[in-house]
Amino acid sequence: MIALADPAAPVSPAASEAKIIADLQATVSPSRLTLFLGCRLKFWFRYVARITKPKTAALHVGSSVHAVLKAWNKARWRQTPLTLTQLHEEYVKAWAETEEPVQWAAGEEDQEKKTGWRLVETYFRESKIPPESRPEAVEVPVEADLHQHGLPTLIGVLDLVQAGRIIDFKTSSTTPNPEKVAHTTEVQTSSYAVLYREATGRRETGIELHHLVKLKNPKLVLTALPPMSDLQQTRLFRLMEAYVEGLERQDFVPSPGMQCASCEFFNECRLFC
């Protein structure tokens, strides 16, 4: 006789956590991998315990600006460029349609909303991308099955591909240093290169990071990087190995440092056993 489990029976916390971890081992995204390598306990709070936090002002500005750039690039792909008025309408819509509550300080929202739009205007003024030039891809979800390397499936979304160049948009409060940015974003840029090559069967012509910097006079900083090297791919795969092995051991240890001051899980970390 085979006893069937009662579908109404509650799942034990241990069993549900094991299922979550198994799912996290099956696929990995650049953002998840970067967070795991930065602080494994923060990863646990966000992806295993699934503790939610209010959206920060900076994140809301970044996502609203990103939504406008997405609309602009999709319109270029359809070969129906948007006017500045239409882009502003897209921005207002994106600002209002947030799925997560934002933690605003008194009087902060109006100022941040103006800052975000100034970033958008700066991008269209300085990016030098012709409105009539058609991109290869816009906001395309891609995956690469890496099981032949003993690794999980790599998943991600390519913001923009233009003439073989992978372009990623970022907002920042400080002017990026090209050498440091190349190092700190290597997990992300190498992941995008692997995904692009898997999807197209071609080698990317290069990678560009488009930073919109929130200064008194906003500016656009373009960081051009060469195609991913074999060494960079090897480094990425070794980091993915560490991710898989760390999840297998449930190695969710904190990484105390300067970054803790701005971590949304600071209080939980202080109480964590």
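Analyst: In H8, the buried residues are Glu 186, Val 187, Gln 188, Thr 189, Ser 190, Ser 191, Tyr 192, Ala 193, Val 194, Leu 195, Tyr 196 and Arg 197. Buried means under 20% relative accessible area, exposed over 50%, and partly exposed in between (1.4 Å probe, protein chains only). Helices (H or I, at least four residues) and strands (E, at least two) are DSSP runs, numbered from the N terminus. This is a predicted model, in which local features need pLDDT of at least 70 and side-chain atom pairs count only at pLDDT 80 or more, while totals for chains, interfaces and linings use all residues. Residues are numbered from 1 along each chain as its sequence is written, and side-chain values use heavy atoms, with hydrogens and water left out.

User: What makes H8 largely enclosed by the rest of the structure?

Analyst: Of its 15 residues, 12 are buried, so H8 is largely enclosed.

User: How do you know that the span of H8 agrees with its number of residues?

Analyst: The expected span is 1.5 Å times one less than the number of residues. For the 15 residues of H8 that gives 21 Å, and the end C-alpha atoms are 21 Å apart, so the two agree.

User: Why is Trp 72 called buried?

Analyst: Its relative accessible area is 5%, and the limit for buried is under 20%. Trp 72 lies in helix H4 (residues 57-77). Leaving aside neighbours within four places in sequence, Trp 72 is in contact (heavy atoms within 4.5 Å) with Leu 82, Leu 87, Tyr 123, Phe 124, Ser 127 and Ile 129.

User: What makes a set of residues a nonpolar core?

Analyst: Such a core is a set of buried Ala, Val, Leu, Ile, Met, Phe, Trp, Tyr and Cys residues joined through side-chain atoms within 4.5 Å. The largest one here has 41 residues, and Phe 43 and Met 240 have the most contacts inside it. H8 supplies the largest share of this core, 6 residues. A second, separate core of 20 residues includes Val 68, Leu 87, Ile 129 and Leu 160.

User: How do you know that S4 and S5 pair, and in which sense?

Analyst: Two strands pair if DSSP finds at least two bridges between them. S4 and S5 have 8 bridges, in the parallel sense. Ser 172 stands opposite Val 213 in S5. S3 and S4 pair over 3 bridges, in the antiparallel sense.
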